[in-house]
Amino acid sequence: MLMLRSIFTYAALLLVIIIAGCSSGRKVFVEHDYSYETNFKDYSSYTFLECERDTNNLCTEIYEAIRRQMQVRGYKLTAEKPTLLVNYGIFYDNLRYQGYMQPVIKNWVDTENDGFRYEPIKYALDKGTLIVSLIDAESDQVVWRGYASGIFKGVETSNNHYRSVVRRIFDQYPLFAKGYDPRRYSEAVGR
């Protein structure tokens, strides 16, 4: 009986390890970079630039997911004098990318501490990388860039996968549009 219990315990442990190994292979790496020379509190509207690499309906799905994330943050979509331009691209091959180790963007925006420095990091991003850039419309300078690699790993047929990837990218951008109060929005929605 003791031997049988040991075999079941070992088999259960082996199954947990196998499942954990399979699910870790599907993880999407998400990170972001931003410019210290930016006053993020001044942005209120945006427009899209063309998707850099369009295949099938993928750009449309990602466009809609980005639009939702910008809307939730209070940014208005407009073609008339936007303050931000949104650009995104999908890269199918492995990609070498120069990123930066930086403080959490919300902390930097709250303090605007000039003492922070860029710490370069070189990434080897997996096949299937989505890069979303927010560009200052006046200066044409990228002010924030979020990226996720490995987006094609373990993809289900559901559109929710790409929506989830875009949301994870925008989780790195917890800022709101100028004059937008998310508490007022949620109170109005709750009524």
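K106 is partly exposed, with 36% relative accessible area; buried means under 20%, exposed over 50% and partly exposed in between, using a 1.4 Å probe and protein chains only. Its side chain meets that of D110 in a salt bridge, 3.3 Å from N to O. The model is predicted: local features need pLDDT of at least 70, side-chain atom pairs count only at pLDDT 80 or more, and totals for chains, interfaces and linings use all residues. Residues are numbered from 1 along each chain as its sequence is written, and side-chain values use heavy atoms, with hydrogens and water left out.

**Salt bridges**

- The structure holds four salt bridges. The criterion is a side-chain nitrogen of Lys or Arg within 4 Å of a carboxyl oxygen of Asp or Glu.
- K106 and D110 are four residues apart in helix α3, so about one helical turn separates them. Helices (H or I, at least four residues) and strands (E, at least two) are DSSP runs, numbered from the N terminus.
- R67 bridges to E64, with the closest N and O atoms 2.9 Å apart. Both lie in helix α2, three residues apart, about one turn of the helix.
- R67 is partly exposed at 23% relative accessibility. E64 is partly exposed too, at 26%.
- An α-helix has 3.6 residues a turn, so residues three or four places apart point the same way.
- K153 pairs with D126, the closest N and O atoms being 2.8 Å apart. K153 sits in the loop between β8 and α4 and D126 in the loop between β6 and β7, so this bridge ties together parts 27 residues apart in sequence.
- K153 counts as partly exposed at 31% relative accessibility. D126 is partly exposed at 32%.

**Helix α2**

- α2 has 15 residues and spans 21 Å from its first C-alpha to its last. That is close to the 21 Å expected at 1.5 Å a residue, where the expected span is 1.5 Å times one less than the number of residues.
- The buried residues of α2 are L58, C59, I62, A65, I66, Q69 and M70. Seen down the helix axis, they fall within an arc of 135 degrees, so they line one face. The arc is taken from the directions from the helix axis to the C-beta atoms.
- These buried residues pack against β2, β4, β7 and α4. Contact here means heavy atoms within 4.5 Å.
- Just after α2, G74 takes a positive phi of about 90 degrees.

**Nonpolar cores**

- A nonpolar core is a set of buried Ala, Val, Leu, Ile, Met, Phe, Trp, Tyr and Cys residues joined through side-chain atoms within 4.5 Å.
- The largest core has 38 residues; F40, I66 and L130 touch the most other members.
- Elements giving two or more residues to this core include β1 (29-34), β4 (84-91), β7 (129-136) and α4 (160-170). α2 gives the most, with six residues.
- I66 touches F48, V86, Y88, V132, V166 and F170, not counting residues up to four places away in sequence.
- A second, separate core has six residues, including Y97, Y123, L125 and I131.
- In soluble globular proteins, nonpolar side chains tend to be buried together.

**Aromatic pairs**

- The structure holds 21 aromatic pairs. Rings of Phe, Tyr and Trp (its six-membered ring) pair if their centres lie within 6.5 Å; planes under 30 degrees apart count as stacked, over 60 as edge-to-face and the rest as tilted.
- Y34 and F40 form an edge-to-face pair, 6.4 Å centre to centre with 75 degrees between the planes. Y34 is buried at 4% relative accessibility. F40 is buried at 3%.
- Y92 and F152 are stacked, because their ring centres lie 5.3 Å apart and their planes are at 15 degrees. Y92 is in the loop between β4 and β5 (95-101) and F152 in the loop between β8 and α4, so the pair links distant parts of the chain, 60 residues apart.
- Y92 is partly exposed at 29% relative accessibility. F152 is partly exposed at 28%.
- Ring pairs join a cluster; among its members are Y34, F40, Y75, W108, W144 and F170.

**Around K122**

- K122 lies in strand β6 (residues 119-125). K122 is exposed, at 72% relative accessibility.
- K122 touches Y97 and Q98, not counting residues up to four places away in sequence.
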